[in-house]
Every structure is written in structure tokens, then in C-alpha cells.
2 protein chains.
Amino acid sequence: LSYEESTSAGCAQISLGLKYDATEKCFTVFLLQLSSCTTFSLPADQKIHVRVAVLPCSETTRCLFRTTGTLVRDTVNLNEVFSLHMSYSSLRQKTLRVDVCVTSNLGREEGLAGAQISLADANYSGERCTKCYNLLSHIYMPEITSK
Amino acid sequence: LSYEESTSAGCAQISLGLKYDATEKCFTVFLLQLSSCTTFSLPADQKIHVRVAVLPCSETTRCLFRTTGTLVRDTVNLNEVFSLHMSYSSLRQKTLRVDVCVTSNLGREEGLAGAQISLADANYSGERCTKCYNLLSHIYMPEITSK
């Protein structure tokens, strides 16, 4: 293995299903599984959860969801589902942000890594569209942090 | 228009083309166009540029690129192309971050909004795949900022 391949082999991923029901005007996010969580280098008794945000938030709809915390394992089965009521034209203006988080001893939520999915070309017509997304560590976003 | 539709109608977007040439092991990002830039509410003499990062960075390949600065207009034609040499297995571990930035009077780069594209399912076999991505304002990522 080259340097590049050996270091990037363990990229954490999240498996997500997305669905839009045009009749019910309902957008559903299926949180399925986290994989390669050992790349987070967390202690075995650490709980992690996933925070889901559909952004920008509108004032009329709930846009933030959290899974229940589970002990970190290399593979974590999430099996949680969140739904939002939204018109299709609104949906296509949104971006889905999915972040793996821990809660510190002081009760503060800290994001470890995340995926961001533009819904501009959302076309989940009745069918659930399931995909794996690489989770980008927040340490790679220093320029946002330093703003 | 409902409140939600009227406020989200002007979501800024970037049009990108992505291509992977398996023979040359070359990943190419075509920066095509920014649209609805008036949502950034910048003065007319403000220059903006786009920063492209293929993350995580490997030590052996350049991973950060910037377009030349152009005056902000509602629609900005970028027409710049960046290429990286990378194996297909490495590419699929990467995340593409594309941010619209300004340079402040003090010469400091500030990100305004961005898209993040997981390359886990990259399948741009020889053909350029062109899509529009919503740009999520950095103000929606306070939890990353506060880390």
C-alpha cells in the first residue's frame, strides 16, 4: 500500500436512505449504519450520536433531530427514521447536514465528522434512495472554525 | 408564496462538473457557474473566489485550489478547471469541499457558503457528470465554529 492508500483506508462512513413522498409532502431520512468508527479513536465506553439538520431552517418546521446515544463500535447500527413535512420546491433549496457527535463530560455536544448533502437535485420519487457517504472530520474545516 | 418558499427562493448554487479518467488516474473538477449570489448581500465592488479542497489531504498530492477573484454578480461564470492525480480507491475515500470566499481588507480569507460532496460513490467513468449544488451558508454551522 502507498502512504496515501494506507492512511485513507479507514474513512468513516454513514449509510443513509432518503425518500420524498409527493402525495404527503413528506421528506424522510433513514439513518442506517455508521462504519469504520474506529477512525474516531474514541475510548470504548464513549457514546456517540448522530445529529441531523435540514438547513436553512424554516420557522414553521422542525429541522433538527438527534439519534439516541450508543456506545462506539467499529460498526454502529442506527436504525432511526426522521420525517419532515415540506413542499418539493422547498426541499430542493435545502441542504442536509449529518454529523457524528459526542457529548463531553460538561454536557456540551461536539461534532466529530460529518456529511453534507445538497438536495438541489432531490429526486427520491416514492422510492428510498440509499447511499454511503464519507464523513469528513471537522479538523479539516479550520477555516470555518477560525471565522 | 408561503413564508418558507419566499425566503428560500434565492438559495445560492454552484454548478460543477466532475470526471475521473481511470487510464490517467486523473480526477478533474470543472467549476462552471455560481447563481443567486445576491443572497450573499455583498457590496457590488466585492470580489469573490471559490476555494476547492479534496479532503483529507494526502502529503503527496496538491489538494487545495482557488479560482481567480471576480466581482460579485447574481450569476458568476467561473470556467476554471482543476485536476488531481489519484487512484480510484483513494478518490472514493475523499470528500470535495467547495466554498465561496471573500478576502477581507486585512487579506484574510473568509468562507461565505459551501457545498460538500462525498466521493464514496464516485462513478464518473470517463464522462463529465454535471450537477447543481446548494451552497449552505457558514452561519448555519455555529457548532463547528464553537468547537
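Predicted model: local features only at pLDDT ≥ 70, side-chain atom pairs only at ≥ 80, totals over all residues.
1. What the chain A pair connects. Y20(A) belongs to strand β1 (residues 13-21) of chain A, while Y88(A) belongs to helix α2 (residues 88-91) of chain A. The two tyrosines are 68 residues apart, and their pair links distant parts of the chain.

2. Exposure of the two tyrosines in chain A. Is Y20(A) buried or exposed? Y20(A) has a relative accessible area of 5% and is therefore buried, the limit for that class being under 20%. Y88(A) has a relative accessible area of 33%, so this residue counts as partly exposed.

3. The pair in chain B. Y20(B) and Y88(B) also form a tilted aromatic pair, with 5.5 Å from centre to centre and 35° between the planes. Here the link runs from strand β1 (residues 13-21) of chain B to helix α2 (residues 88-91) of chain B, again across 68 residues. Y20(B) is buried at 5% relative accessible area, whereas Y88(B), at 33%, is partly exposed.

4. The sheet in chain A. Four strands make an open sheet in the order β6-β2-β1-β9 (chain A), and the pairing is antiparallel. Which strands stand at the edges? They are β6 (76-85) and β9 (129-134) of chain A; each has a single partner strand, so one side of each is left without a neighbour in the sheet. From one strand to the next the twist averages 20°. Strand β1, which carries Y20(A), lies between β2 and β9 in the strand order.

5. The β2-β6 pairing. How many bridges join strand β2 (residues 26-35) of chain A to β6(A)? There are eight, and the two strands run in the antiparallel sense. Within this part of the sheet, F30(A) stands opposite V81(A) in β6(A).

6. Arginine over phenylalanine. F30(A) also has R128(A) lying over the face of its ring, at 4.6 Å from the ring centre. In chain B, the charged end of R128(B) sits over the ring of F30(B), 4.7 Å from its centre.

Key
Residues numbered from 1 in each chain as written. Chains lettered and ligands numbered in written order. Heavy atoms only, no water. Pairing = 2+ DSSP bridges. Axes fitted to C-alpha atoms, helices over the stretch in contact; angles between N-to-C directions. Buried < 20%, exposed > 50% of the residue type's maximum accessible area, 1.4 Å probe, protein only. Phe/Tyr/Trp six-rings, centres within 6.5 Å; stacked < 30°, edge-to-face > 60°. Lys NZ or Arg CZ within 6 Å of the ring centre and 35° of its normal.
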